[in-house]
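Notebook open, with a new structure to look through. I'll jot things down as I look them up.

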There are 2 protein chains.
Amino acid sequence: MQLLKDRILKDGYVRAGNILKVDSFLNHQIDIPLYEAIGNEFKKRFSDVEVTKILTIESSGIGIACITAQSFGVNVIFAKKAKSKNLDSDVYTCKIDSFTHDKTYDVMVSTKFINADDKVLIIDDFLAKGKAALGLIDIVNQAGAKVAGVGIVIEKGFQEGGVALTNQGIRLESLVVVDSLENSIIKFR
Amino acid sequence: MQLLKDRILKDGYVRAGNILKVDSFLNHQIDIPLYEAIGNEFKKRFSDVEVTKILTIESSGIGIACITAQSFGVNVIFAKKAKSKNLDSDVYTCKIDSFTHDKTYDVMVSTKFINADDKVLIIDDFLAKGKAALGLIDIVNQAGAKVAGVGIVIEKGFQEGGVALTNQGIRLESLVVVDSLENSIIKFR
């Protein structure tokens with residue numbers, strides 16, 4: 001997606017530890033027209049796939065999922081990191097190791113919101129080791145539903161997430177794949 | 001907002017501890033057309049106010065803020081609960097006591113994203129004791145910017161948040177005010 005590549009080169013930068021910072025437009029400040037373009041691009045790429053629900057995980061996937069859902073005409077569910085007194089007892093759960101936050105989260109989705117008929121499109125901002133996406137796939141499987149695909153805004157192609165998903169036969173669409181951040185230079189695939 | 005009252009009565013329910021559960025349409029599963037109606041309603045209520053940025057706090061405010069931002073034609077910033085290795089060092093911070101999660105969060109917004117010229121509309125799903133809204137107001141003040149107003153989807157009118165905000169001279173628009181949840185009966189103002 002050229003618009004996104006151009007924006008990453010213009011406003012993104014690299015931090016120590018292979019961290020690509022895109023917080024001025026993607027995951028802290030949010031450029032809404034860019035989100036709309038991202039949503040339209042996901043719809044184009046998954047136009048041949050039936051989607052009944054979009055699933056993401058808090059926090060930075062939520063906005064992208066909501067605006068993408070406008071293109072698909074479906075509801076969004078966001079998986080919650082377990083910490084709230086307010087969650088239901090009837091939940092699908094999985095554990096997700098977060099590299100960014102250096103901890104393991106228990107993640108949950110109420111069983112009420114995914115059923116066996118659903119075709120679930122999983123949306124997230126980043127794919128690196130693939131832990132979040134694999135956890136969400138596990139939750140969709142627990143519900144007996146079908147994973148329609150995984151849509152990622154920025155895939156770190158030098159980490160193993162992409163291979164892990166495609167090895168499972170998952171349809172993966174990454175709008176941009178970054179192949180290297182070495183020497184603070186952003187190289188796209 | 002009658003559409004929202006009707007939906008709360010239809011799909012919301014009350015849990016022990018004065019918790020109003022609206023997770024089937026507002027803050028776990030998300031009904032996108034309802035979010036669009038909410039965004040349009042905020043735009044209508046704040047039509048006389050200049051807004052240059054929308055500020056919310058992760059997680060459940062993000063989707064509402066993004067879709068509301070479409071009506072205002074502005075960017076969104078979401079304040080982050082401090083836990084990430086990826087946050088900048090130049091940040092506005094405040095502490096927010098969360099009743100729901102029974103802990104105190106350090107919350108931060110990068111100084112890059114709010115400047116003294118901004119007129120900031122604060123958006124969130126719930127207002128109860130007002131801790132999150134007051135923290136976000138503090139952050140806007142630290143930036144030397146102006147609070148254009150606070151837009152809340154559901155205000156718990158039996159808690160002190162609404163009074164705390166209006167006592168500070170803040171323009172508050174709550175789409176629905178719940179005055180009581182006693183005996184599991186939802187009473188609107």
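Which residue is the bridge partner of A:Thr93 in E7(A)? I looked it up, and the partner is A:Met108.

Ground rules before I go on. This is a predicted model, where local features need pLDDT of at least 70, side-chain atom pairs count only at pLDDT 80 or more, and totals for chains, interfaces and linings use all residues. Residues are numbered from 1 along each chain as its sequence is written, while chains are lettered from A and ligands numbered from 1 in the order in which they are written.

Entry on strands. I take helices (H or I, at least four residues) and strands (E, at least two) as DSSP runs, numbered from the N terminus. Two strands pair if DSSP finds at least two bridges between them. Strand E6 (residues 91–98) of chain A pairs antiparallel with E7(A) over eight bridges. Their hairpin has four residues between the strands, and there I found A:Asp102 with a positive phi near 55°.

Entry on E5(A). Two bridges join E5(A) to strand E7 (residues 103–110) of chain A, in the antiparallel sense. Here A:Lys80 has A:Met108 as its bridge partner. E5(A) also pairs antiparallel with strand E3 (residues 29–30) of chain B, over two bridges, and I see A:Val76 opposite B:Ile30.

Entry on the two chains. I noted 33 residues of chain A in contact with 33 residues of chain B (contact: C-beta atoms, placed from the backbone, within 7 Å). On the chain A side, H3(A) gives the largest share, six residues.

Technical notes
Contact = placed C-beta atoms within 7 Å.
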